[in-house]
Amino acid sequence: MIGPALGFVLGAALLQQQPTLPAAHWAWALPVLLALALWAGLRPLGWQRLLAVPAALGAGFLWAAFQAQPRLDDRLAPGLEGRDLTVTGVVLGLPSVSARGVRFEFEPESSAEGVRLPRRLALAWYRASRDRPAVAVERPLPQPAERWRLTLRLKRPHGLFNPGGFDYEGWLFERGIGATGYVRDGARSSATPLRLGTRGQPLDRITRARAAVRERFDRVLGERPAAGILAALAVGDQRAIANEEWRLFQRTGVTHLMSISGLHVTLVSGLAAWLVAFGWRRAGRAALVLPARKAAALAAILAALGYALLAGFAVPAQRTFFMVSVVAVALWSGRIASPGRTLALALLAVVIADPWAPRAPGFWLSFGAVALIFYVSAGWSAPEPRLVQWLRIQWAITLGLAPAALLLFAQVSVVGPIANAVAIPLVSAVITPLALVAALLPVDALLHAGAWLVEQLLQFLEWVDTLPLALWQQPAPPRWVALAALGGVAWLLAPRGVPWRAAGVALIAPAFAWAPPAPAPGEAWITTLDVGQGLAVLVRTARHALLYDAGPTYGPEADSGGRVVLPFLRAQGVTRLDTMMLTHADRDHIGGALSVLQAIETDRIVSSLDAAHPALVLGAARSRCLRGLRWSWDGVEFRVLHPAGEAAPAAARGRRANDRSCVLQVRAGSHTMLLAGDIERGAEAALVDAAGPGGRLRADVLLVPHHGSRTSSAAAFVAAVAPRWALVPVGYRNRFGHPHPDVVRRYAAGGVRLMRTDRDGAIEVRLGGEALMVGSARAAARRYWRAAAPR
């Protein structure tokens, strides 16, 4: 049954790559394919067995499709976006508190407007009212399972979409969240938030117990980083871990240990099984009624379920519970002796329960690690010391998962084996049990002991992170290159006697030497990134790169530089910027600049900022952005067209500071693109006058000024540029109403094709080739859950 089980899983994974779901009339095929797969899988060896895998693959595909359709139907209706809705519902899970407010999931029960809402919402309740953003207000903190009546402003699931970036919409879809939004409690909200009581379902009691444990950990340990880590290990609250610690764990390869992971659930269930088996064999009459092996299997299931519930029964914990259950049932029945068959059935059970599991990197890495252990253990014929066995398994897992890590994360922690050699036994065998006991017993000494151990571990990981070549980063290779590397791994780790095992290195090497496509000499590839309401554009030539603005800040600890620009640069293989052009001082254009400058070598900053601006304090050479500045890279010409001269500081800070934006013209071959920053009508008129009647302002592609505001894109400017394409960098449902309908109509009247980052994602323009090419990230990677914004 290994083949059909794997076929079903691959079918479900294949569905997650589709742009649309199959039509409902294919429902009849699901039971037919399931019956065919079972019939063929149980046949003796022969041609009938060959039908089992393709039939199971089709069944997995359709099973995942028919599970996905109800979830798509559960999204917020487009007509309800942006409306104030008075909703009564229940707080789900553990709220996440930050300096800006609190985030939590909400289960609607009813609405005063009588509209149908999704079954799960993701909400933010800000400390500062959106009506009065300068006023910080102490908010009541929603607690798990509390029932509230709230005035909400909702929108459909939507996220930034850039190559190499995080798929937020896919993440929301996996969690079954049908809308996001925020609580309205300012002067213009229709109702005051009201706490109505507490729901008393059994799972709600568990959630409140988890919240009490987290609150006690925070009270006893205060601001120590260990408080969040211990809470994550005890009750699965991963959001309690600070971003700084997460980055350290990622670089050292121990992320899998810092939450209630499959390893921890497996260890707890294994310990429970061993204790029950040990006592059961000495129970006398009980062992005659129920063999110790079956009692241990039942204890393993119950322990895994209990620990998973303590973790909030999140998807990773669910996967581990299903896997432990399958293994326990196999031990109970005594009929499944093959480790490979047991693993395949566990894989099948997980995907049946959660068809979106193949989208999660942890799914492949956790099952892949177990499969590698079985694979390398199969060749052991003679007894070996446990240390040698452990080293061999560590080597196999490190090497075997490296191609998958490159494909999924575009990086491999080289020091991971060293870090895990200490972290796995310390976290799994000491720190996690301490955290669990401290959660059950109100003994503060246990918490302080666990915190001290966590702090020693953090110091060790910080030291490991300073080792040379601690982290290997590169652009993610294509799937076929990663699959070839996995084949090389299997060949290299094959049992003794398999010929030419060292030749597996030849299949592995291309994954670590992969370089993404790059512009040819004379070409320019210009990508307008999807950073929300802001601007960041990367211009690449054959050997050079320029970043035109760096996007907005998103909060005290996040900005587009770290979340969008840097992942995109790494995905494109850009390790150095020749120039960063900061057009003007608005935060939606330069909010991410410091993150980029701190992370990547930058030769020069060209800007219209004051010399004392914080973005200019780093070591890159500086020059003013003034008309007449020009240069050439790899046969591509760059010209600054605006501003014409220096402005007094008072003018630069005035109402028309946008008109100080740097305007850049990029010409490659016969094609031109004009990047207009945030200029408004005054600067547009100056550009038209300076260009004269000779058409020197014409461009094939125009980056629309000031996000398409009504104070820009004057008719004379649009006529002078005469673009074929116009790109609008704009946030989804932004509060400014950009682009303005009058501006949209103006471009449409001129026959200009308009593209927007909020509906198209990142937009790439290729100049200088045989033909002008314009494409979008969403069009290139369409998925059934990732619908474009309404046009």
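The paragraphs below go through a predicted model, from its confidence to its cores, cavities and some individual residues.

The average pLDDT of the chain is 88, and 93% of the residues score at least 70. Residues 648–655 are a stretch where the pLDDT is below 50, and beyond near neighbours in sequence this stretch has three contacts in the model. Where pLDDT is low, the predicted coordinates should not be read in detail.

In soluble globular proteins, nonpolar side chains tend to be buried together. The largest nonpolar core here has 39 residues, of which Phe217, Ile229, Leu230, Phe249, Val254, Met258 and Ile431 touch the most other members. At least two residues of this core come from each of the helices α5 (202–221), α6 (225–235), α7 (243–252), α15 (416–440) and α16 (444–465). The largest share is that of α6, with nine residues. Another core, of 35 residues, lies apart from this one; Val9, Ala59, Ala346 and Phe367 are among its members.

Leaving aside neighbours within four places in sequence, Val254 is in contact with Phe249, Ala419, Asn420, Ala423 and Leu461. Along the chain Ala419 and Val254 are 165 residues apart, yet their C-alpha atoms are separated by 7.0 Å. Ala419 counts as buried because its relative accessibility is 0%, under the 20% limit. With neighbours within four places again left aside, the contacts of Ala419 are Thr252, Val254, Phe460, Leu461 and Val464.

The cavity count comes to two of 30 Å³ or more.

Which side chain does the side chain of Thr541 meet in a polar contact? The partner is the side chain of Asp634, at 2.7 Å. Thr541 itself is found in the loop between β10 (536–540) and β11 (545–550). Although in a loop, Thr541 counts as buried, with a relative accessibility of 3%. Beyond its neighbours within four places in sequence, Thr541 is in contact with Pro519, Glu523, Trp633, Asp634, Val636 and Phe638.

Backbone geometry is the next topic. Most residues other than glycine have a negative phi, and most peptide bonds are trans. A cis peptide bond joins His642 to Pro643, with omega about 5°; Pro643 is placed in the loop between β18 (636–642) and α22 (649–652). The bond from His738 to Pro739 is also cis, with omega near -10°, and Pro739 is in the loop between β22 (725–728) and α25 (741–749).

Positive phi values occur at Ala145, about 70°, and at His706, near 50°; neither residue is a glycine. Ala145 lies in the loop between β3 (121–126) and β4 (146–155) and counts as buried at 1% relative accessibility. His706 has its place in the loop between β21 (701–703) and α24. At 15% relative accessibility, His706 counts as buried, because the limit is 20%.

Is Ala715 buried or exposed? Ala715 is exposed, with a relative accessible area of 52%. Its place is in helix α24, residues 715–721. Ala715 and Val701 are 14 residues apart in sequence, and their C-alpha atoms are 16 Å apart in space.

Terms used. Residues numbered from 1 in each chain as written. Predicted model: local features only at pLDDT ≥ 70, side-chain atom pairs only at ≥ 80, totals over all residues. Heavy atoms only, no water. pLDDT = per-residue confidence, 0-100. Contact = heavy atoms within 4.5 Å. Helix = DSSP H or I, 4+ residues; strand = E, 2+ residues; numbered from the N terminus. Buried < 20%, exposed > 50% of the residue type's maximum accessible area, 1.4 Å probe, protein only. Polar contact = N/O pair within 3.5 Å; in protein donor to acceptor, adjacent residues only side chain to side chain. Core = buried A, V, L, I, M, F, W, Y, C linked by side-chain atoms within 4.5 Å. 1 Å grid on protein atoms, 1.4 Å probe; cavity = no way out; pocket = protein on both sides within 12 Å on 5 of 7 lines; lining within 4 Å. Points joined across faces, edges and corners; volume = space filled by probe spheres on them.
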